[in-house]
Amino acid sequence: MDRRISGSTQLLGLIGDPVVHSLSPAMHNAALAAMGEDYCYVPFPVAAERLAVAVAGLAAIGVRGFNVTIPHKQAILPLLSQVEARAAKVGAVNTVYALPEGGWGGTNTDIDGFVQPLLGLEKGIPTLILGCGGAARAAIQGCLELELGPVRVAGRSPEKLQALQQTWPQVETLSWAELDRHLPETSLVVNTTPVGMYKPGSPAELSPLSREQLRLLPAGAVVYDLIYVPDPTPLLRMAAALGHTPISGLEMLIHQGAKALSLWLGGKPVPVEVMRQAARQQLAQIEADRARDPKPQLSSQS
Ligand code: NAP
């Protein structure tokens, strides 16, 4: 890879806390190199209390655009001059771009990334979303844009479920205890909880649904886990063993990145396969480092 940083190289980046294990720099820089674009993508660790000054600083040094990850996806909204309607509805921005007139515009390519692996599904299929946090909001918006439904959301916080219904009145909400009754009529399950994500010291085989619950799904059901560390997760391994169709959260990550990069480059098509290979390679490296030293915490949202 022959890439030189020069005075004309343009900057893209990522802000979050932590960003140290993000897959985005590997993914974006591989695509930029393959495209021969004179850009460089850099991760910037930004603490919550430094967000406003960091965003002003990025504008001052002429950064063209940046991704936003935990803990800034909601907090960034008041710092933007424009927010796309669907990002405002979801209440989170993960991609920011410099506006020609100055200031920043914000959008949510997590929705596009979420939707991409589901594009071949039939409309109107019963869908169940597990969890009701930030990622669930992007997933609900995506499912409704695909005209899937009924869309049911199971969560453990009645307040958060109520807030979801205020934004999307067509969504049905369930308590965790009501899940089993709905599984036999569910064609798509989406896990948006962090249950099953690698964490140092936590049990390796956690899953938001048990094998018995997965058995209740109809034949040919699709099981989509937004987690991708480990890849596959225990949920996806069990689902595949039972003959269901697994989808890894890595696809969402790759496609949200591809959509963001294309936006920053004025709508140019980007090499998704190059991004996928770079993300997989980086993930394998992180897994190998982890096997040697299980202490580092993995960020799995960027
Ligand atoms: P979040 O806002 O904290 O939401 C997590 C949700 O999971 C909350 O509703 C929480 O319930 C629920 N939950 C947590 N532990 C649970 C448990 N033991 N049993 C039942 N419910 C539980 O987090 P987020 O930002 O939505 O992220 C969620 C997951 O999605 C993370 O693993 C993240 O890595 C992944 N993600 C992946 C991508 C991607 O590109 N693939 C993008 C975004 C997020 P309470 O509200 O009651 O705590």
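## Exercises on a predicted chain

Leaving aside its neighbours within four places in sequence, Leu144 is in contact (heavy atoms within 4.5 Å) with Val151, Trp168, Gln170 and Val171. This is a predicted model, in which local features need pLDDT of at least 70 and side-chain atom pairs count only at pLDDT 80 or more, while totals for chains, interfaces and linings use all residues. Residues are numbered from 1 along each chain as its sequence is written, and side-chain values use heavy atoms, with hydrogens and water left out.

**Exercise 1.** Find the helix in which Leu144 lies, and decide whether Leu144 is buried, partly exposed or exposed.

*Solution.* Begin with the helix: Leu144 lies in α5, which covers residues 134–145; helices (H or I, at least four residues) and strands (E, at least two) are DSSP runs, numbered from the N terminus. Next, recall that buried means under 20% relative accessible area and exposed over 50%, with partly exposed in between (1.4 Å probe, protein chains only). The relative accessible area of Leu144 is 22%, and therefore this residue is partly exposed.

**Exercise 2.** Describe which way the residues of strand β3 point, and which strands are joined to β3 by bridges.

*Solution.* In a regular strand the side chains alternate between the two faces of the sheet. In β3, residues 65–68, Gly65 and Asn67 point one way whereas Phe66 and Val68 point the other way, and all are buried. For the pairing, two strands pair if DSSP finds at least two bridges between them. Strand β1 (residues 10–16) runs parallel to β3 and is joined to it by 4 bridges, with Ile15 standing opposite Val68. Strand β5 (residues 95–98) runs antiparallel to β3 and is joined to it by 3 bridges, with Thr95 standing opposite Asn67.

**Exercise 3.** List the buried residues of helix α9, and state what they pack against.

*Solution.* Within α9 (residues 234–241), the buried residues are Pro234, Leu235, Leu236, Met238 and Ala239. These residues pack against β10 (188–191), α8 (211–215), β11 (222–225) and β12 (245–248). Just after the helix, Gly243 takes a positive phi of about 90 degrees.

**Exercise 4.** Compare the radius of gyration of the chain with the value for a compact globule.

*Solution.* The radius of gyration is taken over C-alpha atoms, and the globule rule is 2.2 Å times the number of residues to the power 0.38. Because the chain has 302 residues, a compact globule would have a radius near 19 Å, and the chain's 19 Å agrees with this. Of these 302 residues, 50% count as buried.
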